[in-house]
Amino acid sequence: MPVNCSEVSDTSILVNQIIDEIGNTRADLIPILQRISNECGYISDTAINEIARRTKLQPSKIYAVATFYRMLMTKPHGRHIVQFCESAPCHVAGGMQLFQALKDFLKIEPGQTSPDKRWTFLTTSCLAVCGIGPVVLVDSDTYGNVTPDQLINIFSQYE
Ligand code: FES
């Protein structure tokens, strides 16, 4: 039966299975968080509290690790994650206009998920591909030299 990560009991069972497989030391924390993020889509407060109980780490420490790494999500998110690079080289290469176009197209602000759960919109710092700025990342796909009129073609590839 699939795990329902919005259920406290299912989340606790899943966390315990993962920790039984991986281990419960401080060094195991990131792999544990990655597995939970992959399987549930995000790391809930319930999951953090259960990890804390098993690893004897403070929940606040676990939360700090979970929020430090961008690949780990601590909130439910949409089917696709759109990240916009807001660092200066992309900004001067047309990023400001693109940022506005992204907000208009997605109809959400950074940090939000669209009501149909299709998109979560995030800003990010430099993605280390400044030469092709402005840059947008959709899930793990990088798009460079993006102009506002390309957005419809880019986003139409994602259901
Ligand atoms: S500044 Fe945007 S990728 Fe580096």
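Q: At what angle do the axes of helix α2 and helix α4 cross, and within what distance do they come?
A: This is a predicted model, in which local features need pLDDT of at least 70, side-chain atom pairs count only at pLDDT 80 or more, and totals for chains, interfaces and linings use all residues. Residues are numbered from 1 along each chain as its sequence is written. Helix α2 (residues 29-40) and helix α4 (residues 59-68) cross at roughly 65°, and their axes come within 11 Å. Axes are lines fitted to C-alpha atoms, for helices over the stretch in contact, and angles run from 0 to 180 degrees between N-to-C directions.

Q: Why are α2 and α4 called roughly perpendicular?
A: Angles of 65 to 115 degrees count as roughly perpendicular, under 35 as roughly parallel, over 145 as roughly antiparallel, and the rest as oblique. The α2/α4 angle is roughly 65°, so the two helices are roughly perpendicular to each other.

Q: Which residues make α2 meet α4?
A: Leu 29, Ile 30 and Leu 33 of α2 meet Ile 62, Val 65 and Ala 66 of α4. Contact here requires C-beta atoms, placed from the backbone, within 7 Å. By class, six residues are nonpolar, none polar and none charged. Nonpolar covers Ala, Val, Leu, Ile, Met, Phe, Trp, Tyr, Cys and Pro; charged covers Asp, Glu, Lys and Arg; the others, Gly among them, are polar.

Q: How many helices and strands does the protein have?
A: There are six helices and four strands. Helices (H or I, at least four residues) and strands (E, at least two) are DSSP runs, numbered from the N terminus. Their order is α-α-α-α-β-α-β-β-β-α.

Q: What share of the protein counts as buried?
A: Buried residues are 21% of the 159. A residue is buried if 20 or more other C-beta atoms lie within 10 Å of its own, exposed if 12 or fewer, and partly exposed in between, with C-beta atoms placed from the backbone.

Terms used:
Contact = placed C-beta atoms within 7 Å.
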